[in-house]
Amino acid sequence: MAGRIPLSELGTQENATMATTSLSVNGKTVPVAVDDPDTPLLYVLRNELRLHGPRFGCGLGQCGACTVHVDGAAVRSCVTPMSAVKGKIVTLEGLGKNAEPHPLQAAFVEEQAVQCGYCINGMIMQSADLLARNPKPSEDEIKTELANNLCRCGTHLRIVRAVIRATRI
Ligand code: FES
Ligand code: FES
């Protein structure tokens, strides 16, 4: 008869060594415990820090749902190992507040540019990167910037209208 399977074989962490490091997230330095430095930043943000603005979509860097900013640049956090992040992270939660939303957040509400909402984190974070570099982009420039952000609900027209509206706020 086979022996008992040790708990460690079943994915428990009883023998794992957890390393503690820190990240700068939304203006605060926060401690993070990870057992693998290759852990995707997205997992740390969602599972450890409970920041659920960034979403898990494809997990392959292809849909944009997981986008966050690192030092102001849009980054796909599902394919970014935590150990590679040295700069300041901003998530959708840090972009604006309910009382003082980012112009993009306000414009997406005004244009009702959300259906299921799954892609919207990526649409806003990618657009925020664009507007920081180019405050008055043309419609074509917006479409080019968002060409690799996927929306399965087909709300692209409203999303582009929302970004244009945000340039006027
Ligand atoms: S979940 Fe990261 S790009 Fe799709
Ligand atoms: S609003 Fe549903 S995926 Fe874009």
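Q: How many helices and strands does the protein have?
A: The protein contains six helices and five strands. This is a predicted model.

Q: And which pattern do they follow along the sequence?
A: Read along the sequence, the pattern is β-β-α-β-β-β-α-α-α-α-α.

Q: What share of the residues is buried?
A: Of the 169 residues in the protein, 34% are buried.

Q: What about contacts between residues at least 6 apart in sequence: what percentage join residues at least 24 apart?
A: Among those contacts, 54% join residues at least 24 apart.

Q: Turning to the strands, do strand 3 and strand 4 pair in the parallel or the antiparallel sense?
A: Strand 3 and strand 4 pair in the antiparallel sense, over four bridges. Within this pairing, His69 stands opposite Ala74 of strand 4.

Q: How many residues lie between the two strands of that hairpin?
A: Two residues separate strand 3 from strand 4 in the hairpin. One of the residues in the turn, Asp71, has a positive phi of about 50°, although Asp71 is not a glycine.

Q: Is Asp71 buried or exposed?
A: Asp71 counts as exposed, because it has 12 C-beta neighbours inside 10 Å. Its place is in the loop between strand 3 (67-70) and strand 4 (73-76).

Q: Which other strand is joined to strand 3 by two bridges?
A: Strand 5, residues 88-90, is joined to strand 3 by two bridges, and the two strands run antiparallel. Val70 has Ile89 as its bridge partner in strand 5.

Q: Changing topic, which residues of helix 1 are buried?
A: In helix 1, which covers residues 41-48, Leu41, Leu42, Val44 and Leu45 are buried.

Q: What do the buried residues of helix 1 pack against?
A: They pack against strand 2 (28-34) and strand 3.

Q: Where is Gln112, and what is its phi?
A: Gln112 is in the loop between helix 3 (103-110) and helix 4 (120-133). Its phi is positive, about 50°, although Gln112 is not a glycine.

Q: Why does Gln112 count as exposed?
A: Gln112 counts as exposed because it has 11 C-beta neighbours inside 10 Å, and a residue with 12 or fewer is exposed.

How values were computed: Residues numbered from 1 in each chain as written. Chains lettered and ligands numbered in written order. Predicted model: local features only at pLDDT ≥ 70, side-chain atom pairs only at ≥ 80, totals over all residues. Buried ≥ 20, exposed ≤ 12 C-beta atoms within 10 Å, placed from the backbone. Pairing = 2+ DSSP bridges. Contact = placed C-beta atoms within 7 Å.
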